[in-house]
Amino acid sequence: MFAAYAARTDADDPLSGLELGELPEPEAREGWSVVTVRAASLNHHDLWSLRGVGLPGERLPMILGCDAAGIDEDGNEVVLHSVIGQSGYGVRVGEPRSILTERYQGTFAEKVAVPTWNLLPKPKELSFEQAACLPTAWLTAYRMLFTNAGVRPGDTVLVQGAGGGVATALVVLGKAAGLRVWVTSRDEAKGARAVELGADAAFANGARLPERVDAVMETVGAATWSHSVKSLRPGGTIVISGATSGPNPAAELTRIFFLELKVVGSTMGTKEELAGLLSMCATTGIRPIIDSVLALGDAREAFERMEKGDLFGKLVLTP
């Protein structure tokens with residue numbers, strides 16, 4: 001079957017290890033299902049895999065891709081929950097939690113195998129392309145807001161770095177939940193687009209805000225960390241789910257302890273949270289923001305755009 005996979009890893013030149021070509025189809029095994037992929041979406045996790053983060057050489061070649069929607073062996077339209085091992089279903093007892101492509105072949109292929117427990121029904125209201133955007137970036141945003149931020153309707157949330165998949169999800173989900181959403185961006189056009197999506201205001205990176213916020217959604221890391229801490233009201237919460245600009249910012253420890261700020265890590269989400277997200281999209285009419293849909297054979301173009309940050313919303317691949 002045709003697939004986009006990591007043949008090598010290179011921390012400095014990740015795309016040099018990306019290959020497109022034929023690999024064996026996944027084999028059926030007890031407790032697992034083989035899904036025919038109809039759409040899959042890119043995440044920064046795929047670039048980190050090509051850099052070798054979480055993907056040691058002995059597991060290569062590794063088909064990339066965490067997210068997908070497709071058809072299972074019984075003809076059901078399904079969405080994949082890409083966290084494997086969290087439940088114990090389909091894997092040995094005690095196996096650590098991992099995301100597809102860390103231990104198991106991913107979704108950038110014509111077919112993918114996952115534990116049957118990891119399949120959820122695709123709502124009829126969502127297209128395959130829309131559903132394929134949800135299991136990583138949108139699930140991450142859903143958990144950040146509704147499980148870890150401790151915010152309520154009417155609160156003000158700052159989203160750092162408008163434009164990426166998680167950031168756009170935070171804007172759309174936050175507005176649907178009755179939050180006041182502010183965004184920052186180094187790109188004025190991306191800030192304007194976030195406002196079109198529902199953000200109440202957009203600011204330049206590091207800009208002084210009109211008032212301190214109740215929570216900050218942080219996925220950028222070192223470049224925005226100091227601004228995140230200074231923008232938060234006393235007792236407020238920063239939720240971190242990524243560090244695309246670097247993982248080692250200035251600590252700001254004095255401000256954190258003096259103002260009793262909360263710093264909460266957030267990774268992916270549970271199957272139950274993904275079910276809640278799918279239901280929210282189906283019933284409210286909100287949809288993931290898709291930048292472009294490309295053929296799987298054009299995966300290199302999609303990866304190049306993600307590496308450059310040349311996108312607004314999700315990049316989707318269709319086999």
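Just after helix 8, Gly285 takes a positive phi of about 90 degrees. Before going on: this is a predicted model, where local features need pLDDT of at least 70, side-chain atom pairs count only at pLDDT 80 or more, and totals for chains, interfaces and linings use all residues. Residues are numbered from 1 along each chain as its sequence is written, and side-chain values use heavy atoms, with hydrogens and water left out.

Helix 8 itself covers residues 271-284. Helices here are DSSP runs of H or I with at least four residues, strands are runs of E with at least two, and both are numbered from the N terminus. From first C-alpha to last, helix 8 reaches 20 Å, close to the 20 Å expected at 1.5 Å a residue; that expectation is 1.5 Å times one less than the number of residues.

Which residues of helix 8 are buried? They are Lys271, Glu273, Leu274, Leu277, Leu278, Met280, Cys281 and Ala282. Buried means under 20% relative accessible area, with a 1.4 Å probe and protein chains only. These residues pack against strand 6, strand 10, helix 3 and helix 4, contact being heavy atoms within 4.5 Å.

Now helix 3. Its axis and that of helix 8 come within 9 Å and cross at roughly 95 degrees. Axes are lines fitted to C-alpha atoms, for helices over the stretch in contact, and angles run from 0 to 180 degrees between N-to-C directions. The two helices, helix 3 and helix 8, are therefore roughly perpendicular, a word used for 65 to 115 degrees. Residues making the contact include Trp138 and Phe146 of helix 3 and Gly276 of helix 8.

Key
Buried < 20%, exposed > 50% of the residue type's maximum accessible area, 1.4 Å probe, protein only. Parallel < 35°, antiparallel > 145°, perpendicular 65-115°, else oblique.
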